[in-house]
There are 2 protein chains.
Amino acid sequence: MAKNQKWILKERPTGLVDDSNFLFIEEDLPEIKDGEILIQTEYLSVDPTQRMWLTDMPGYLPPIQIDEVIRSGGMGRVIASKNERFNEGELVNGFVGWQTHLISDGKGFRKVPELLPIPTMLNVLGLTGITAYFGLLDIGQPKEGETVVVSGAAGATGSVVAQIAKIKGCNVIGIAGGEEKCGWLEECGLDHVIDYKATKATKEIRRIAQNGIDIYFDNVGGPLLEAVLYQINQKARIVICGAISNYASTDLPVGPRNLSSLIINRARMEGFLVLDYLERMDEAIQELSKWLMDGKILHKEDVQEGIENCPSTLNRLFTGQNIGKQILKI
Amino acid sequence: MAKNQKWILKERPTGLVDDSNFLFIEEDLPEIKDGEILIQTEYLSVDPTQRMWLTDMPGYLPPIQIDEVIRSGGMGRVIASKNERFNEGELVNGFVGWQTHLISDGKGFRKVPELLPIPTMLNVLGLTGITAYFGLLDIGQPKEGETVVVSGAAGATGSVVAQIAKIKGCNVIGIAGGEEKCGWLEECGLDHVIDYKATKATKEIRRIAQNGIDIYFDNVGGPLLEAVLYQINQKARIVICGAISNYASTDLPVGPRNLSSLIINRARMEGFLVLDYLERMDEAIQELSKWLMDGKILHKEDVQEGIENCPSTLNRLFTGQNIGKQILKI
């Protein structure tokens, strides 16, 4: 009989999460029934959106309820199967949750060929990489020679966005916090990197983007958007992807006061969710895999370890500790 | 020899304009030369954008310079011509400026057949009507049954937007200030009218738009946008047309703090300028004329009189005094 260790929601957190917001529970799992599989979680994909699910704000997925296991994407291995679609030993991708084991009817789980290390697959070929792909190419529509600014550029989505923009022949400015992140972004071949911890990013943007900004891929929300709006070119596109600066905050952020720049510059600001692109995922995975193999996309994973560290690993996203994709190995 | 009376810019105003920001000058005009025409101004189109031109902010047209005549669209009559394109007595449309007469080589002036009263032509068939047409149809893309919210709905652009939305089968909510304006909008056939002077518009929007908002046509800027963002439906379109609440203000407005609603709802916010549609103007004028003749678009012009009243008439736009298109008869 399998034992499961899991984190369930005890109370909704404010600000950064704390172990005391959750309960850590050990339970016996029943035998699997016909049609079911037993999955052992191997790696969790730790993403900013999870912090949103912990609030009671309506979102694109329902809030996690009190006493429910914390929702999380990840990779697991089928260790027992009474479902003909799955064989023991196969790797699967889906919402495994903050737990070591789970029983599922297999719906919502996708079998994954083990061609690359699992953290790499969860990064560039996972939802964050696919978000980067469709957000930049479909919503941003970059053209050769255009200037692209990416905030949160050392994050899982931001770093892929910046590198796809380079592949498309753009002049790419990345914004990140700290020497280590910025150094890595330089290795990735960005044209300019702004360290918002060492300089005033709003001022640096004005200095560096002297020919104006054609695309702003916003992973963080907050005051940077206003600085960008003062610098946009005609027909600029602002891709609103994340608002990480707000997720763990109890106050609403300050909004950009210069939206009239959208009028003068006939510019567009658009939000999107990768969920709307599920039926085109193969297209993204194919192209991203090719770029990975050709060494055109460098990647970094920050791999923490241990089921007991779920809450503290989530916080790393909001304290700026992670470089690249945040992963938790179970 | 013709005499011209004109207003030139003496100093950049802050807030509402005052006669003392300008100089009122009388001058003798020279004889016209070969290729020139003498135009007598009949009506000025008084538009919010003029207030922007009085600042030194870069815009889609250069700021009006100190000592220059105040730029203004309008209709004038050719009273002398040495240009084969124009005959004496013809009505022309273009940037006549705050002045009674002007000499021009005819460039930028369009001859206008006198089919309708001039104020009506400056209204529904003028730049404000054409702005409504392309802003709603091209940027907003209304579909039958959708809910459209229009701010500044009793203004020249807003009232045409609201009525085109009705023609397209939408559920239309107009926001305006005061009983008289709101009463008129009800005559225009809007489904709901919110009087922001009598009720709290942000609250009323929540109550009335219970099925959500698909299009917000924003003529005013400011805090209403935030209230709308909380109510938008998936794939909503926000057309940023004007920011009249900011033009005459020295402070920047408060920006919407909930732009992350654009993400959750995969929504788009887009600015535009009617200047980008100049080559498609005939299309708009044809359709708008048809709707006018069929009585499907009601219209109102607020006609003030006298060249001496240029500054005070401009202020009417920002103090909410005008219902419908603001016109000044010279």
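A nonpolar core is a set of buried Ala, Val, Leu, Ile, Met, Phe, Trp, Tyr and Cys residues joined through C-beta atoms within 7 Å. I take buried to require 20 or more other C-beta atoms within 10 Å of a residue's own, exposed 12 or fewer, and partly exposed the range in between, with C-beta atoms placed from the backbone.

I am working on a predicted model, where local features need pLDDT of at least 70, side-chain atom pairs count only at pLDDT 80 or more, and totals for chains, interfaces and linings use all residues. Residues are numbered from 1 along each chain as its sequence is written, chains are lettered from A and ligands numbered from 1 in the order in which they are written.

**Core.** I looked up the largest nonpolar core and found 193 residues. A:Leu185, A:Val228, B:Leu185 and B:Val228 have the most contacts inside it. I then listed partners of A:Leu185, leaving aside neighbours within four places in sequence. Among them are A:Ala153, A:Ala154, A:Gly174 and A:Val193. Contact here means C-beta atoms, placed from the backbone, within 7 Å.

**Chain A against chain B.** I found 29 residues from chain A and 29 residues from chain B in the contact. On the chain A side, α9 (260-264) and β13 (268-271) each give two or more residues. Helices (H or I, at least four residues) and strands (E, at least two) are DSSP runs, numbered from the N terminus. By class, this side has 16 nonpolar, 8 polar and 5 charged residues. Ala, Val, Leu, Ile, Met, Phe, Trp, Tyr, Cys and Pro count as nonpolar, Asp, Glu, Lys and Arg as charged, the others, Gly among them, as polar.

I checked the strands next. β13(A) pairs with β13 (residues 268-271) of chain B, antiparallel, over 3 bridges; pairing needs at least two DSSP bridges. A:Glu270 has B:Arg268 as its bridge partner.

**B:Gly324.** I located this residue in the loop between α11 (310-318) and β15 (325-329) of chain B. B:Gly324 counts as buried because it has 23 C-beta neighbours inside 10 Å. Its C-alpha is 8.2 Å from that of B:Asn123, 201 residues apart along the chain. Not counting residues up to four places away, B:Gly324 touches residues including B:Asn123, B:Ser159, B:His299 and B:Asp302.

**Domains of chain A.** I noted domain 1 (3-123 + 299-329) and domain 2 (127-275), with bounds from an automatic or database domain assignment. Their C-alpha centres lie 29 Å apart. 17 residues of domain 1 contact 18 residues of domain 2. On the domain 1 side, α1 (49-53) and α11 (310-318) of chain A give two or more residues.

Note on methods. Two residues are in contact if their C-beta atoms, placed from the backbone, lie within 7 Å.
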